[in-house]
Every structure is written in structure tokens, then in C-alpha cells.
Amino acid sequence: MPLFTISAEEALRQFDTFDTVIDARSENEYAEDHLPGAVNWPTLDNQQRHDIGTLYKQVNAFEAKKRGGALAARNIAAHIEREVIDKPKDWKPLTYCWRGGKRSGSLSLILSEIGFRVTIIEGGYKAFRAALLLDIPRLAPLFDWRVVCGTTGSGKTRLLQALQAAGAQVLDLEALANHRSSVLGAIPGVAQPTQKEFDTRIWDALRRFDPKRPVYVESESKKVGNVAVPAALIEAMRAGPCLNLQLPDEERVALLLEDYDFFVQNREAFCERLDALTELKGKQVVEGWKTKVRSGHIDDVVRDLLLTHYDPVYLQSMARNFKQFGSAQDIQPRDRSVPAMQALAAQMLQGAA
């Protein structure tokens, strides 16, 4: 069966029509970013790619291609034996590599000779990423964004999770970024995605939304930890109507102590993160907080952080950046608990119906 090529733009539109998306690049390239749901079948693995590249530079292209061809043939044979033997004849894979198509082309040629209908993305990952970055500005303005605002600790993430569980469309940027979007927001032991992977995750979420239904999102800033939210998405979010989630201060403190329990359990880690606020709050204030943390008065520190740092910064940012924040509808759960957020979500969705 002949090979088929497809432009990156067409691949975006037809993405869900393929049975398997195969990334023929090395493991490290795949780890940096890959197409949504793609499996990694390296034509050359990390070490092999390095060795062939060295041979190419130090000897010549012909010798490198001979050695690379032998390695690629063995790797492709292993992929076929491991992954393809049980595939039916109507299996339709989409393949890609970095740009030139040699690695995906070698794999695809053999698959097509077996009898499968194989499609290769013209220009590879590089072209797909360029098309994806152009598609996000097209998608972002299509939706009716409902922005869940609220000071730190008011339960915005819990409410978004409750809304999603109730069937609402939700874009949880903090979940996509593996970060809780504050100085203390890094999640211990969980790495953030690369910027490229974050962009891909956002595109994959946006393309699945129904423009006829509202999409709920938190009032994020331009960056979530170390990754940046695409400018077109930020602009669309900031133009949407706002919902102001409110909880009493004591409930907010208790919620944060629950959600950031790893800092409660590891006080020194908490103190290390507080150091990041020295420039803003001064060494004396930060050292005072650290003394309280070490003596077990973490709730006092959290309360002080909320009232003297997070709340003023947040309220100024909302007034400056979100056009409809001044007319935001106040929403109040009975408390910080998950059942309370679920009840509020049900009420919100009933009212939106």
C-alpha cells in the first residue's frame, strides 16, 4: 500500500481519525514534547542518535548512513515484533519525526509494505508545533469563558474539579502545568512540563471543547510556575465574565493547610520556599515567618501570608487585568469541603441551564 503525506495543518484537523500516532524520534526528543497520545518508537535511540551524529561529523555522511541504516532496521524490526503483529489490516497509523522525515519515513515504508495505510506528517514535529501555535489563537476566542476568581485559598481548584465532575467544560491550567501558581505552588516530586508540552496540552484541551457550552477557567496570571499561558488564551480569558468565589479567612487558612500538607509535614521545605519572598517582604519579616513555622505556628504564617501578601497582590491584579472583575457575581460555598464545592457546582450549572 502506498505511503501518504499530510500537511501539519491537515493533521490538526484529522488528528482523531488515526488509530495510532507514532513518534519515531529518540526518547529525549519525545520527553520534551510530543503529539497528544503519541507512542514513542525510536528509529534511533538517544545513544545511537548521538553516535551516528558524531560519525557523520568526524567521518562522512555515507559511513554514518550505513551504520544508521543497520541500527534503524534492527530497531524497526523490534517495534514491529512488539507492537504490530496483532494489528488488523485496516490499522491506520500517523507517523512523524523531527523534520526531514528520514526516521519516520524508514518506519513508514516498512509498515506500508506490510499492507497498512500509513500517513506521514510533512515537516514532522517541527511543522506540527508551528501549526499548533497558530491554531491556539484561532480556538481561544471561540469559547464563552467563565472565569472563577477568588483570593488565595478560596477553593478555586476544588470548585473547578467539582464543575468538571458534574459535566461542565473546564480548563484547569494548574493541572496542565503541574503547579499551583504561586511562590509556594511547586508540587514536590512533580516536574513541570516543558513550555512546548504545556502548549500542546492546552491545544489538546481547547480542541475538545464545544463552543456552544461555557468553559470554566481559573483567573490565572500569564505564567503558571515556569511555563507561560499563550497570549491569545490569556486575552480571551480576561475578557470573560467573572465569578468571585468567597470563603471566610479561617476556612481559607484551613484549606491551604490541607492542600499544602507537604509543607506542614516538612517545615524546612516551607522555610526554603519562604526565602523567595525576602526581596518583596524584607529579611526581618521572612525570618519571623520561618521562626513561627519551625515552632509549629504554621497557621499563623499562612494567615499572615494571605492577608499581607497574597490578597493585596491578587486584588490589584484582578482589577487591572480582568475587564469584568468589578461586576463579578459573588458565589459562596457553605464551607471549604469537597461536598460543599460539589453543591455549589450543581447550583451554578442549574442556573446556567
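# Sheets, cores and salt bridges in a predicted model

Guide: In this predicted model, strands β1-β5-β4-β2-β3, in that order, make up an open sheet of 5 strands with parallel pairing.

Visitor: Which strands are at the edge there?

Guide: β1 (4-6) and β3 (39-40) are the edge strands, and each of them pairs on one side only.

Visitor: What does β3 pair with, and over how many bridges?

Guide: β3 pairs with strand β2 (residues 20-23), in the parallel sense, over 2 bridges. In β3, Asn40 stands opposite Asp23.

Visitor: Which helix lies across β2, β4 and β5?

Guide: That is helix α5 (residues 102-114), which lies across β2, β4 (93-96) and β5 (119-121). Helix α5 runs at about 155° to β4.

Visitor: What about the sheet with β6 in it, what is the strand order?

Guide: The order is β7-β8-β6-β11-β12, an open sheet of 5 strands with parallel pairing. β7 (169-171) and β12 stand at the edges with a single partner strand each, so one side of each has no neighbour in the sheet. From one strand to the next, the twist averages 35°.

Visitor: How many bridges join β6 to β11?

Guide: There are 3 bridges between strand β6 (residues 145-149) and strand β11 (residues 241-245), and the two run parallel. Cys149 stands opposite Asn244 in β11.

Visitor: And what lies across β6, β7, β8, β11 and β12?

Guide: Helix α7 (residues 156-165) does, running at about 160° to β8 (215-218).

Visitor: Switching to packing. Which residues touch the most other members of the largest nonpolar core?

Guide: Trp145, Leu171 and Leu173 do, in a core of 49 residues. Helix α6 (residues 124-139) supplies the largest share of this core, 6 residues. Apart from it lies another core, of 34 residues, which includes Trp289, Leu305, Ile331 and Ala345.

Visitor: What does Trp145 touch?

Guide: Not counting residues up to four places away in sequence, Trp145 touches Ala140, Leu171, Leu206, Val215, Val217, Leu233, Ala236, Met237, Gly240 and Pro241. As a general matter, nonpolar side chains tend to be buried together in soluble globular proteins.

Visitor: What span should α9 have at 1.5 Å a residue?

Guide: The 12 residues of α9 should span 16 Å, and the end C-alpha atoms are 17 Å apart, which agrees.

Visitor: What is the phi of Asn178?

Guide: Phi of Asn178 is near 55°, a positive value in a residue other than glycine. Most residues other than glycine have a negative phi. Asn178 is found in the loop between α8 (173-177) and α9 (195-206).

Visitor: Now charges. How many salt bridges are there?

Guide: The count comes to 28 salt bridges.

Visitor: Which parts does the Arg336 and Glu258 pair tie together?

Guide: The side chains of Arg336 and Glu258 meet in a salt bridge at 2.9 Å, N to O. Arg336 lies in the loop between β12 (324-331) and α17 (338-352) and Glu258 in helix α11 (residues 249-259), so the pair ties together parts that are 78 residues apart in sequence. Arg336 is partly exposed at 22% relative accessibility, and Glu258 is partly exposed at 40%.

Visitor: Which residues are in a network of salt bridges?

Guide: Arg158, Glu251, Glu258, Asp259 and Arg336 are linked in one.

Visitor: What does Asp275 form a salt bridge with?

Guide: Asp275 forms a salt bridge with Lys290, and the closest N and O atoms are 2.8 Å apart. Asp275 is in the loop between α13 (267-274) and α14 (278-281), and Lys290 is in helix α15 (residues 283-294), 15 residues apart.

Visitor: Lys290, buried or exposed?

Guide: Lys290 is buried, with a relative accessible area of 8%, whereas Asp275 is partly exposed at 35%.

Visitor: Last one: His309, buried or exposed?

Guide: His309 counts as buried, because its relative accessibility is 9% and the cut-off for buried is under 20%. His309 is found in helix α16 (residues 298-321). Leaving aside neighbours within four places in sequence, His309 is in contact with Leu277, Leu280, Lys281 and Asp304.

Methods. Residues numbered from 1 in each chain as written. Predicted model: local features only at pLDDT ≥ 70, side-chain atom pairs only at ≥ 80, totals over all residues. Heavy atoms only, no water. Helix = DSSP H or I, 4+ residues; strand = E, 2+ residues; numbered from the N terminus. Core = buried A, V, L, I, M, F, W, Y, C linked by side-chain atoms within 4.5 Å. Buried < 20%, exposed > 50% of the residue type's maximum accessible area, 1.4 Å probe, protein only. Contact = heavy atoms within 4.5 Å. Salt bridge = Lys/Arg side-chain N within 4 Å of Asp/Glu carboxyl O. Pairing = 2+ DSSP bridges. Axes fitted to C-alpha atoms, helices over the stretch in contact; angles between N-to-C directions. Expected span 1.5 Å × (residues − 1).
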